[in-house]
Amino acid sequence: MASTIGASRMTTGSDRLGGTGADNIWEPRRLVTLANVRRRSERVSLLRLAFIAIAAIAIGMLMGHVVAHALRVRFAEPPEKLSGASVRMLSPRFTGRDASGTPYIITAAAAVRRPDNPDIIDLERPKIEDTLGSVVIADTGVFERDRGVLLLTGNVVVREVEGNIFVSDSTEYLVEAKRVTGQSAVRGIGPLGEVRADGYDVNEAGDVLTLTGNVWTRLYPERRASVAIGEGPAAGLDFLQLKDATQPSPPPRSAQPGPAAPPAPSEQTPVNNGGG
Amino acid sequence: MARHTHSTPRTTALALIVGSVLTGGLLAGTAHGQIAFGGGPIDVRAERAQFIDREAKVIYSGSVVAKQGLSELRADTITIEFQRTEPAGEGGVGSGIGDAEKIIATGNVLYLTPAERARGNRAVYDYKTDTITMTGDVVVTRGEDVLTGQTLIIEVATGKSTMQGGRVRTVINPRSSGTSAAPR
């Protein structure tokens with residue numbers, strides 16, 4: 001005797017066609033027919049094809065956009081040059097070695113490359129430092145790379161680590177020729193004395209220094225402590241505020257630098273009454 | 001007289017070179033020399049000055065006037081020679097320059113002090129002996145007294161002058177304090 005408690009009996013389509021209600025308790029809710037299966041398979045196939053097609057279209061669109069853009073760029077007309085445009089660099093930093101091989105660093109508040117001549121670079125508040133601690137600053141500078149010339153103008157100040165300070169209005173440094181020239185007055189002050197002249201020239205790789213025009217030198221018998229700006233012979237140099245290139249420019253001088261000119265030597269000495 | 005050696009470190013570009021040469025040459029060693037008793041700062045004026053590192057010397061030219069206190073040394077050219085503590089070219093520009101050794105004045109040399117006036121063709125100040133030696137048709141005027149000769153030696157510290165060489169001629173005004181001469 002077959003047990004029927006808890007047993008389920010699958011019904012087939014034939015059962016349904018010919019089966020009774022009691023026999024259909026366990027009948028699936030969906031009647032699966034061959035036709036239905038085929039229709040379902042067709043729908044799945046269509047959906048599969050549709051999804052593939054959509055994916056292909058999407059990829060095609062993306063790739064097509066990229067290719068089209070590349071083609072447009074390749075065959076596009078070259079961009080027109082911008083007239084009047086210049087390249088400006090903020091807080092630039094240049095490094096190099098001088099003729100003697102000693103490294104130096106040039107910084108500035110800004111550097112502007114001229115559009116008409118890229119080999120010329122204008123410097124704003126340039127500052128030059130070497131590994132020994134000496135500093136050179138100026139209001140402006142122009143570097144001509146093709147000629148190897150660096151021109152500093154406006155309150156050109158050289159401060160050495162030993163306390164010597166030299167001031168001039170302009171200095172031209174010829175890198176290739178290893179020459180430094182200044183056509184404006186130069187004034188120097190330090191623990192050992194002072195010097196002033198209308199112009200100067202340093203030649204032969206620094207071996208020969210020539211001062212020209214109203215040369216005046218004061219030599220102190222004893223080496224003094226470092227000169228304090230604004231005191232004694234350094235009076236009038238209060239504008240010397242050696243700051244970083246990023247700091248505001250020092251105030252302009254109200255008068256040309258220079259100590260009070262010593263009295264000109266007299267032609268006649270007080271006790272001379274004649275000669276031989 | 002205090003003496004000390006000053007050497008300038010190697011410098012690099014631009015006016016750094018100017019700075020070091022100025023330091024090593026024009027502002028160095030000579031500071032402790034003197035052309036007048038009592039010392040004090042020395043002012044030198046000229047139309048041109050040239051410092052030659054390899055030769056360790058400074059050349060002032062063109063109506064040169066060196067003044068210290070009440071004393072003056074005038075000439076067409078004044079050359080200051082330094083000691084060299086390092087060979088030229090080593091240590092950079094201006095370095096290796098020691099104390100001054102000599103001051104050489106040439107061409108229309110005139111040495112003026114409150115007490116006397118000495119004229120000659122050439123004068124040499126020696127730092128070691130602290131003396132000025134003037135040569136070439138020397139004429140010394142002290143007050144109303146006149147002394148001529150070929151070589152005049154002035155001791156800067158004491159102000160004593162000695163005429164030597166050639167035919168020494170002295171013209172003494174009876175009212176003056178007199179002069180010293182060592183004819184040969």
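Tutor: Rings of Phe, Tyr and Trp count as a pair if their centres lie within 6.5 Å. The model here is predicted.

Student: How many aromatic pairs does this rule give over all chains?

Tutor: The count comes to 1 aromatic pair over all chains.

Student: What describes a pair of aromatic rings?

Tutor: A pair of aromatic rings is described by the distance of the centres and the angle of the planes. For B:Tyr125 and B:Tyr127, the ring centres are 4.9 Å apart and the planes stand at 70 degrees, so the pair is edge-to-face. The cut-off for that label is an angle over 60 degrees.

Student: Is B:Tyr125 buried or exposed?

Tutor: Buried means under 20% relative accessible area. B:Tyr125 has a relative accessibility of 2%, so it counts as buried. B:Tyr127 is buried as well, because its relative accessible area is 1%.

Student: Where is A:Asp201 in chain A?

Tutor: A:Asp201 is in strand β14, which covers residues 199-203 of chain A. Its relative accessibility is 15%, so A:Asp201 counts as buried.

Student: Which residues is A:Asp201 in contact with, leaving aside its neighbours within four places in sequence?

Tutor: A:Asp201 is in contact with A:Arg179, A:Val180 and A:Thr181, and also with A:Val208, A:Leu209 and A:Thr210.

Student: Where is A:Ala109 found?

Tutor: A:Ala109 is in a loop of chain A, between β3 (103-107) and β4 (110-113).

Student: What separates the C-alpha atoms of A:Ala109 and A:Leu90?

Tutor: The two residues are 19 residues apart along the chain, and 6.1 Å separates the C-alpha atoms of A:Ala109 and A:Leu90.

Conventions:
Residues numbered from 1 in each chain as written. Chains lettered and ligands numbered in written order. Predicted model: local features only at pLDDT ≥ 70, side-chain atom pairs only at ≥ 80, totals over all residues. Heavy atoms only, no water. Helix = DSSP H or I, 4+ residues; strand = E, 2+ residues; numbered from the N terminus. Buried < 20%, exposed > 50% of the residue type's maximum accessible area, 1.4 Å probe, protein only. Contact = heavy atoms within 4.5 Å. Phe/Tyr/Trp six-rings, centres within 6.5 Å; stacked < 30°, edge-to-face > 60°.
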